[in-house]
Amino acid sequence: MKFLHTMVRVKDLEQSVAFFTDILGLTETRRNEYEKGRFTLVYLATAPGEPEVELTYNWDQETPYSVGDNFGHLAFSVENIYDYCQMLMDKGVTILRPPRDGHMAFIRTPDQISIEFLQEGERLPVQEPWASMENKGSW
């Protein structure tokens, strides 16, 4: 078995693509528009051949989607959790669960999908100002 992708439905396709590409650094690998079904699929990945995030945009969806109880979050590993979270904050992203433990942090996409970032390898030593930061919301 091989993990292929995770799909999330989005209300504003271009806003979501910009979030995943400009802020998180993923690359759009392909885009398919289905006129008959009236939807667009956009696939993004960290590198060619890696598992993808599939953004599904239904053209006629008028109301926001609710996050289903059976969907948890997307998870990515990062080389330095503190540096990565600082980069996100510098781009205006709110860190909902700061990396106080040198290991894990959470944010949300514009469509309120939770994203978890995990430190690659061993936890980093606890350091300020991260250790004292409070959670900014639920994830």
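**Entry 1: Asp60.** I began with a polar contact. The side chain of Asp60 meets the side chain of Arg38 at 2.7 Å. I keep in mind that this is a predicted model. Next I placed the residue: Asp60 sits in the loop between S4 and S5. Is Asp60 buried, partly exposed or exposed? Its relative accessibility is 46%, so Asp60 counts as partly exposed. I also checked its distance to Phe39.

**Entry 2: the chain as a whole.** I stepped back for the inventory. The protein chain holds two helices and seven strands. In sequence order the pattern reads β-α-β-β-β-β-α-β-β. I then looked at dimensions. The C-alpha trace spans about 55 × 35 × 30 Å along its principal axes. Does the radius of gyration agree or disagree with a compact globule? For 139 residues the globule value would be near 14 Å, and the chain has 16 Å, which agrees. Of the 139 residues, 37% count as buried. I looked up contact range as well. Among contacts with a separation of 6 or more, 55% come from residues 24 or more positions apart.

**Entry 3: the four-stranded sheet.** I traced the strand order next. Four strands make an open sheet, ordered S1-S4-S3-S2, with mixed pairing. Strand S1 (5–9) and strand S2 (27–34) are the edges, each pairing on one side only. From one strand to the next, the twist averages 20°. A reminder to myself: strands of a sheet pair through backbone hydrogen bonds, either parallel or antiparallel.

**Entry 4: S4 and its partners.** I went through the pairings of S4. S1 and S4 run parallel and are joined by five bridges. On that side, Thr6 has Val53 in S4 as its bridge partner. Strand S3 (residues 39–45) and strand S4 (residues 52–58) run antiparallel, with seven bridges between them. I noted two pairs there. Tyr43 has Glu54 in S4 as its bridge partner, and Thr40 has Tyr57. S3 and S4 form a hairpin, with six residues between them. In the turn, Gly49 has a positive phi of about 85°. How many residues of S4 are buried? Five of its seven are, and the strand is mostly covered. I also looked at what lies over the sheet. Helix H1 (residues 13–23) lies across S2, S3 and S4. Its direction is at about 165° to S4.

**Entry 5: helix H2.** I listed the buried residues of H2. They are Ile81, Tyr82, Tyr84, Cys85 and Leu88. I then asked what the buried residues of H2 pack against. The partners are H1, strand S5 (74–78), S6 and strand S7 (114–119). I checked both ends of the helix. At the start of H2, a side-chain oxygen of Asn80 comes within 3.0 Å of the backbone nitrogen of Tyr82. Just after H2, Gly92 takes a positive phi of about 90°.

**Entry 6: Asp101.** My last stop was another aspartate. Asp101 is in the loop between helix H2 (81–90) and strand S6 (104–108). Is Asp101 buried or exposed? Its relative accessibility is 19%, and buried means under 20%, so Asp101 counts as buried. A polar atom of its side chain lies 3.2 Å from the backbone nitrogen of Met104. Leaving out residues up to four places away in sequence, Asp101 touches Tyr82, Arg123, Leu124 and Val126. Tyr82 is one of the buried residues of H2.

**Entry 7: the two aspartates side by side.** Asp60 is partly exposed and has a polar contact with the side chain of Arg38. Asp101 is buried, and its side chain has a polar atom 3.2 Å from the backbone nitrogen of Met104.

Conventions
Residues are numbered from 1 along each chain as its sequence is written. This is a predicted model: local features need pLDDT of at least 70, side-chain atom pairs count only at pLDDT 80 or more; totals for chains, interfaces and linings use all residues. Side-chain values use heavy atoms; hydrogens and water are left out. Buried means under 20% relative accessible area, exposed over 50%, partly exposed in between (1.4 Å probe, protein chains only). A polar contact is a pair of N or O atoms within 3.5 Å; within protein, one must be able to donate a hydrogen and the other to accept it, and residues adjacent in sequence count only if both atoms are side-chain atoms. Contact means heavy atoms within 4.5 Å. Two strands pair if DSSP finds at least two bridges between them. Axes are lines fitted to C-alpha atoms, for helices over the stretch in contact, and angles run from 0 to 180 degrees between N-to-C directions. The radius of gyration is taken over C-alpha atoms; the globule rule is 2.2 Å times the number of residues to the power 0.38.
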